Amino acid sequence: MTVTQARGIDPTIITRDQHVISRAQISDKALSVLYRLKNAGYGAYLVGGGVRDLSLGREPKDFDVATDATPDEVKALFRNCRLIGRRFRLAHVHWGPEIIEVATFRALTPDADAGDDDHVVEDGRVLRDNVYGTIEEDALRRDFTINALYYNIADFSVVDYAGGMADLQAGRLRLIGDPAVRYREDPVRMLRAVRFAAKLGFTIDSATAAPIPRMADLLDDIPPARLFDEVLKLFMAGQGVETFEALRHHGLFRYLFPASDTALDDDDHGQLITFVARALESTDERVNNDRPVTPAFLFAALLWPAILGQLPSARLEPGIDSELFEQSVTEALERQLGQVAIPKRFALPMREIWALQPRFHSASDKKARRLFSHPRYRAAYDFLLLRREAGLVDPDLANAWQRYTESSEDAPPPTPARRRRRGGRRRGPAPDSGDG
Ligand code: ATP
Ligand code: MG
């Protein structure tokens, strides 16, 4: 069955007593939006990740609403509403910091998700024909069956056109329609398959998984800025380790981090894999404890294998040629940025984290103190500890820096005025300087 053939099918209606979603779990704002649409005579449904996560007893990230009201009709109902998008317009209803996205049922146009470019005809008019559709069409153009469930505010039932509820119960991730067709329409769905499987602990259905390795190269055509957003979703959701392993397993990682992937393949001692896995594990730990994580550190770690792959020694032995180091950074980045765009605000601190690594190997006392007072010291030091865990640095050197850092943590942070005093008392940790 392909998507376009699948019309006029009856949905399964799962009544209130047959599912676990209750209004108490839905945000007040989303409920108000649903009720106002319903009271105005429109169909109003909670849809997508919200229904999926609530059905699994998880807390949804946000609540999306789908309706048969057109964007203009939605806008007329809410004062605090803005329409966004061009070809396909969405309504954003604002309540303070919370935004409820209200989407009009969308028709089955193959390019629906590939981009939102207007189809402009010759005289400059914008074609908006056939953009909006029925609930059934809206369901069948979604990616996975478990993402195509509709919670109906009119009778609290769940409307299921694609067998999503059975897949939820079986822990199965399954694309709607012919997987090869759906991946060609939008190759990012391959990444989404891995992301949802890792997030939910689901198995990717074999027909959904099978085409991925041979179709993965379609990711080359995705704009690098979109892939950047996807990489953040993949690695900053608290299941980075599982996600990384799955991306490698399905042959997807190389289309996100090509040079790192090559270096990981050539990594006979497994140190680079350990390094990346440990970095992701510590990111996951932070995410799962609501501590902040920065994309700069994440990208620094994911690209480190690419840099080391070009150096004679992965341990950056003392006396590393700084020009050679700079050159491998530049080359690794060149290959990377064609694939996944890293915005400057993250790329700059990322480069600093790297640039500080050879400086840990410097033997001079004075240079060690200068390194310690660098604004990016803490991130660079955390990075050094990861290198130690993966056996990618002389442990004595890393231990010395750890003693030095920990003994300095209780003291006030070094300021330009204090630095001289502290420098007089405390010696830098470089091994041949005797480590204080
Ligand atoms: P998350 O918890 O990560 O937000 P989500 O399922 O809500 O998960 P979104 O990216 O917010 O994911 O998308 C919302 C819904 O829009 C999805 O559940 C899916 O139904 C549909 N959707 C999103 N991206 C695509 C796509 N590339 N192809 C088809 N449908 C999509
Ligand atoms: Mg969502």
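Visitor: Hi! How many helices and strands does the protein chain have?
Guide: Hello! In this predicted model, the protein chain has 20 helices and 12 strands.

Visitor: And what share of its residues is buried?
Guide: The chain has 436 residues, and buried ones make up 50% of them. The accessible surface comes to about 20400 Å², with 48% of that belonging to carbon and sulfur atoms.

Visitor: Which strands form the open sheet, and in what order?
Guide: There are 8 strands in it, in the order β1-β10-β9-β2-β3-β6-β5-β4, and the pairing is mixed.

Visitor: Which strands stand at the edges?
Guide: Those are β1 (12-14) and β4 (81-84). Each has a single partner strand, so one side of each is left without a neighbour in the sheet.

Visitor: How are neighbouring strands turned against each other?
Guide: On average they are turned by 30°, with direction ignored.

Visitor: Let's zoom in a bit. In which sense do β2 and β3 pair?
Guide: Strand β2 (residues 44-47) and strand β3 (residues 64-67) are antiparallel, with 4 bridges between them. Look for Tyr-45, whose bridge partner in β3 is Ala-66.

Visitor: What about β3 and β6, parallel or antiparallel?
Guide: Parallel, joined by 4 bridges. Thr-67 stands opposite Thr-104 in β6 there.

Visitor: And how many bridges join β5 and β6?
Guide: They pair over 6 bridges, in the antiparallel sense. His-94 stands opposite Ile-99 in β6.

Visitor: What is in the hairpin of those two, β5 and β6?
Guide: There are 2 residues between the strands, and in this hairpin Gly-96 takes a positive phi near 55°.

Visitor: Which strands does helix α1 lie across?
Guide: Helix α1 (residues 28-39) lies across β2, β3, β5 (90-95) and β6, and it runs at about 35° to β6.

Visitor: I clicked on Ile-100. Where does it lie, in which strand?
Guide: Ile-100 belongs to strand β6. With a relative accessible area of 1%, Ile-100 is buried, because anything under 20% counts as buried.

Visitor: What does Ile-100 touch?
Guide: Leaving out residues up to four places away in sequence, its contacts include Lys-29, Ala-30, Val-33, Phe-63, Val-65 and Trp-95. Ser-27 is touched too. Ser-27 is 73 residues from Ile-100 along the chain, yet their C-alpha atoms are separated by 9.8 Å.

Visitor: What share of contacts joins residues at least 24 apart?
Guide: Among contacts between residues at least 6 apart in sequence, that share is 69%.

Visitor: New topic: aromatic rings! How many aromatic pairs are there?
Guide: The count comes to 21 aromatic pairs. Take Phe-105 and Tyr-150: their ring centres are 6.4 Å apart and their planes are at 70°, so this pair is edge-to-face.

Visitor: Where do Phe-105 and Tyr-150 lie?
Guide: Phe-105 is in the loop between β6 (98-104) and β7 (119-120), and Tyr-150 is in strand β9 (residues 149-152), so the pair ties together parts that are 45 residues apart in sequence. Both Phe-105 and Tyr-150 are buried.

Visitor: How about Phe-144 and Phe-196, what is their geometry?
Guide: They form an edge-to-face pair, 5.9 Å centre to centre with 75° between the planes. Phe-144 is in the loop between α4 (135-140) and β9, while Phe-196 is in helix α7 (residues 188-200), and the two are 52 residues apart. Phe-144 has a relative accessible area of 0%, and Phe-196 is at 4%; both count as buried.

Visitor: Which residues do ring pairs link into a cluster?
Guide: Phe-228, Phe-244, Phe-253, Phe-257, Phe-299 and Phe-346.

Visitor: What sits over the ring of Phe-88?
Guide: The charged end of Arg-106, 3.9 Å from the ring centre.

Visitor: Last one: how many residues of helix α12 are buried?
Guide: In helix α12 (residues 258-265), 6 of the 8 residues are buried, so the helix is largely enclosed by the rest of the structure. Among them are Pro-258, Asp-261 and Leu-264.

Visitor: What covers the buried residues of α12?
Guide: The cover includes α11 (240-249), α13 (271-288), α14 (295-308) and α15 (322-337).

Terms used: Residues are numbered from 1 along each chain as its sequence is written. Chains are lettered from A and ligands numbered from 1 in the order in which they are written. This is a predicted model: local features need pLDDT of at least 70, side-chain atom pairs count only at pLDDT 80 or more; totals for chains, interfaces and linings use all residues. Side-chain values use heavy atoms; hydrogens and water are left out. Rings of Phe, Tyr and Trp (its six-membered ring) pair if their centres lie within 6.5 Å; planes under 30 degrees apart count as stacked, over 60 as edge-to-face and the rest as tilted. Buried means under 20% relative accessible area, exposed over 50%, partly exposed in between (1.4 Å probe, protein chains only). A charge sits over a ring if NZ of Lys or CZ of Arg is within 6 Å of the ring centre and within 35 degrees of the ring normal. Two strands pair if DSSP finds at least two bridges between them. Axes are lines fitted to C-alpha atoms, for helices over the stretch in contact, and angles run from 0 to 180 degrees between N-to-C directions. Contact means heavy atoms within 4.5 Å. Accessible areas come from the Shrake-Rupley method with a 1.4 Å probe; for residues, only the protein chains shown count as cover.
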